[in-house]
Amino acid sequence: MSTITISGVQKKYHQKPVLKTVNLTIEPNQVYGLLGRNGVGKSTLMRIIANRTRIKVGTVTLDGESVFENEQAQNRIYLMSTAKLLPQEEKVYKLFKLIKTMYGDFDEAYAKHLAEAFELDTHRKLRKLSTGYQTIANLIIALCVPCDFIFLDEPVLGLDANHRELFYQELAETFSSKPRTFVIATHLIEEVSGLLNHVFVIADGKVSLDEDVEVLQQRGRQISGPAALVQDYLQGVPVLHTTRLGGMMTAYCLQTPLERPLPAGVSLDGMNLQRLFIEVTRKSGGHDEI
Amino acid sequence: MHFDADSVVPLFQQVAEQLQAGILSGAFQDNEQVPSTTAMARQYQLNPATVLKGMNVLVDAGLIEKKRGIGMFVCDGATAKLQQLAIADFGDTLKPVIQAAKALGMDKQALLAAIDKGWEQ
């Protein structure tokens, strides 16, 4: 099974470091969430993997071979983004054909099904479509290319709620019938969280969280109650962040000591991905020890 | 069915519980097919691996079985089995009710009287 390995990747823009040292492994047949605040370098990282941005420091390999200037590797990687990577003057159905010649294959039957489901007029030029429909055309291509690693940079930008739901449903279905890897960078975390196996959070130019969603769900908790009791319960355990309101405290923790007896008056709630993301990437944050 | 990403119950466990509730309620009857992993993943926008893991909990419990090339079916007798389990666990269902009654200062007689009244309605 093929794996993409990213090691020691650095990238500066105008002397300003964006990616400081990024190390990641992207496994086959997974759905990843690539999360991070605005401007943190998610798109840059995806562009590097897809050979659209050059780097001087670090490597990205697929099965041990560098993916840079490597047509064979790049044929297995697809990047869908809002950047106008496709010819804007082309009609959508012609784009489908163009992609087929570029990648050697294209699931035309599925593209037809998706165009009908989204009510996309494939005889219009890409440029003439609304923002939402330009995204839809891009998405249809991303779901129909024969690639093993599909990178989706802001896949639902401009899509209304119905079209977003339809996209998530189609993604679940196509992933189920034809497993491959999707890496999704999005700010609409709650909507996509059920689909993800694993999340990467990028903060301050580095990967600050690299974890299976199930592990996060098992031990990630919001612990609320009288401050002294919460502190006592979490003695010696690393805590992501705490908030106080008078004598009440809420602590956000990824390694909740569930085996300890919970003091009366203290409550445990699940920590959803959105909340987790906010706590991990909070500016004043950092791992406090109680 | 409804899946809660905020819950302390992992999603695969929620899938298992909801399928059990479906069998218990008669929505999925003995020897009938349950929705496929793909159909459930699509409908609820869940990762198919999560759905499969939830279904496997029921397979391990002998409640559903895989028929090759067709799909998952409710085992013969699964509904009765779940009913027996639910009755055996009924004490747990009652716990919060008893606690609520105690918190209100009700005694056992008062709780039983309330149950009597509710039973007749």
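## The contact between chains A and B

Chain A brings 24 residues to the contact and chain B brings 19 residues; contact here means heavy atoms within 4.5 Å. This is a predicted model, in which local features need pLDDT of at least 70, side-chain atom pairs count only at pLDDT 80 or more, and totals for chains, interfaces and linings use all residues. Residues are numbered from 1 along each chain as its sequence is written, chains are lettered from A and ligands numbered from 1 in the order written, and side-chain values use heavy atoms, without hydrogens and water.

The size of an interface is often given as the accessible area lost when the parts come together. Between chain A and chain B the buried area is about 1700 Å², with 46% of it from carbon and sulfur atoms. Buried area is the accessible area (1.4 Å probe) that two parts lose on being put together, summed over both. On the chain A side, Gln169(A), Gly194(A) and Gln217(A) lose the most area to chain B. Together they account for 31% of what that side buries.

## Charged and polar links between the chains

Three salt bridges are counted between chain A and chain B. A salt bridge is a side-chain nitrogen of Lys or Arg within 4 Å of a carboxyl oxygen of Asp or Glu. Glu173(A) and Arg42(B) form a salt bridge through their side chains, at 2.7 Å from N to O.

Three elements of chain A each supply at least two residues of the side that touches chain B: helix 6 (161-177), helix 8 (213-219) and strand 15 (267-270). Helices (H or I, at least four residues) and strands (E, at least two) are DSSP runs, numbered from the N terminus. Helix 6 of chain A gives the most, with nine residues. By class, this side of chain A has nine nonpolar, nine polar and six charged residues. Ala, Val, Leu, Ile, Met, Phe, Trp, Tyr, Cys and Pro count as nonpolar, Asp, Glu, Lys and Arg as charged, and the others, Gly among them, as polar.

## Domains of chain A

Chain A is assigned domain 1 (4-89 + 145-214) and domain 2 (220-289). Such bounds come from an automatic or database domain assignment. The C-alpha centres of the two domains of chain A are 30 Å apart. Their contact takes 13 residues from domain 1 and eight residues from domain 2.

The two domains of chain A bury about 920 Å² between them, 77% of it on carbon and sulfur atoms. Arg37(A), Ile189(A) and Leu209(A) supply 48% of the area that domain 1 buries against domain 2. Zero salt bridges are found across this interface, and one residue pair is in polar contact, with both at pLDDT 80 or more.

## A sheet in chain A

Chain A holds an open sheet of four strands, in the order 2-1-4-5, with antiparallel pairing. Two strands pair if DSSP finds at least two bridges between them. Strand 2 (16-26) and strand 5 (65-66) are the edge strands. Strand 4 (residues 57-62) runs antiparallel to strand 5, and two bridges join them. Thr61(A) stands opposite Ser66(A) of strand 5.

Definitions and conventions:
A polar contact is a pair of N or O atoms within 3.5 Å; within protein, one must be able to donate a hydrogen and the other to accept it, and residues adjacent in sequence count only if both atoms are side-chain atoms.
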